[in-house]
Amino acid sequence: MTVPPEVREHGEQARTSARTNGLVPALTLLVRALSPKVPPRGPRGHAVLPKELLEEFAAEEAATREAARPEAPGSAGATGVDDSGPLPGLAVLRPVPGRTAEAAPPAWGWALAWLRLGMSERLRDACLAHLAARQSEGTSLLMQQMVKGTLADVLLEHLEIEGVLDDLASGRTGPLGPLRPADDERHLAGLQEQITRVDRALLRLLGAHGFTAEGPGAAAHASELLADAYGVAGPGTAREGA
């Protein structure tokens with residue numbers, strides 16, 4: 001497939017926002033641009049949203065939930081909201097019983113891949129800053145061979161992911177020709193898995209710091225949750241069938 005130019009534009013803006021400002025501002029930007037009137041739901045009916053956007057969707061969600069199963073006004077169940085999101089500022093909308101989930105906008109998954117790439121680059125920046133400030137035997141941890149090798153691999157992975165997204169947006173194809181429509185979901189799933197693998201490699205470099213309250217582990221987990229909520233199950237990598 002070829003991603004529409006406007007989706008590419010919004011995806012790239014979300015990537016920049018994610019790297020600079022974090023996941024919540026970037027996701028807010030993307031939802032407002034691509035799905036301003038209804039929550040973008042994944043194939044299993046879940047939506048991961050910034051909490052500040054919930055009010056914009058609350059009336060429609062509450063009316064639908066109450067029609068399907070009356071509940072106490074104002075309860076969390078009335079809108080299917082899980083406020084214990086994976087990151088401060090995020091909430092999860094659960095599926096509405098008895099209602100077929102409205103699909104996310106076309107090419108939403110590809111725009112989300114741009115956003116997740118920006119989050120992964122933000123994690124790489126945090127990793128570089130953290131390791132540069134730490135020393136072992138008088139030498140920066142960045143100078144250790146294993147660390148340098150992992151960071152080089154991460155950079156190559158990021159460049160490869162960017163290249164795949166650029167090719168899809170521009171209509172360029174590889175030596176085997178354009179993707180078949182049936183391959184779109186498989187390639188997107190592989191791309192998301194590649195981003196997740198890169199994030200986990202970076203978190204391993206950060207050690208315990210990646211999972212402290214001040215560390216970036218929560219944001220990486222939320223990014224992975226986005227891929228799961230809006231993705232489809234299936235093996236593959238971005239390289240397969242390219």
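The protein exposes about 11,900 Å², with 57% of that supplied by carbon and sulfur atoms (Shrake-Rupley method, 1.4 Å probe; for residues, only the protein chains shown count as cover). This is a predicted model: local features need pLDDT of at least 70, side-chain atom pairs count only at pLDDT 80 or more, and totals for chains, interfaces and linings use all residues. Residues are numbered from 1 along each chain as its sequence is written, and side-chain values use heavy atoms, without hydrogens or water.

**Fold**
- The protein has eight helices and five strands (DSSP runs numbered from the N terminus: helices are H or I, at least four residues; strands are E, at least two).
- Their order along the sequence is α-α-β-α-α-β-β-α-β-β-α-α-α.

**Burial and cores**
- Of the 242 residues, 45% are buried (under 20% relative accessible area; exposed is over 50%, partly exposed in between; 1.4 Å probe, protein chains only).
- The largest nonpolar core holds 42 residues, and L23, L27 and L115 have the most contacts inside it (a core is a set of buried Ala, Val, Leu, Ile, Met, Phe, Trp, Tyr and Cys residues joined through side-chain atoms within 4.5 Å).
- Helix α5 (residues 108-132) gives the most to this core: nine residues.
- Another core lies apart from it, with 14 residues, including L123 and V198.

**Around H209**
- H209 sits in the loop between α7 (184-206) and α8 (217-230).
- H209 is partly exposed, at 27% relative accessible area.
- Beyond neighbours within four places in sequence, H209 contacts H130, G215 and P216 (contact: heavy atoms within 4.5 Å).
- C127 is 82 residues from H209 in sequence, yet 9.8 Å away in space, C-alpha to C-alpha.
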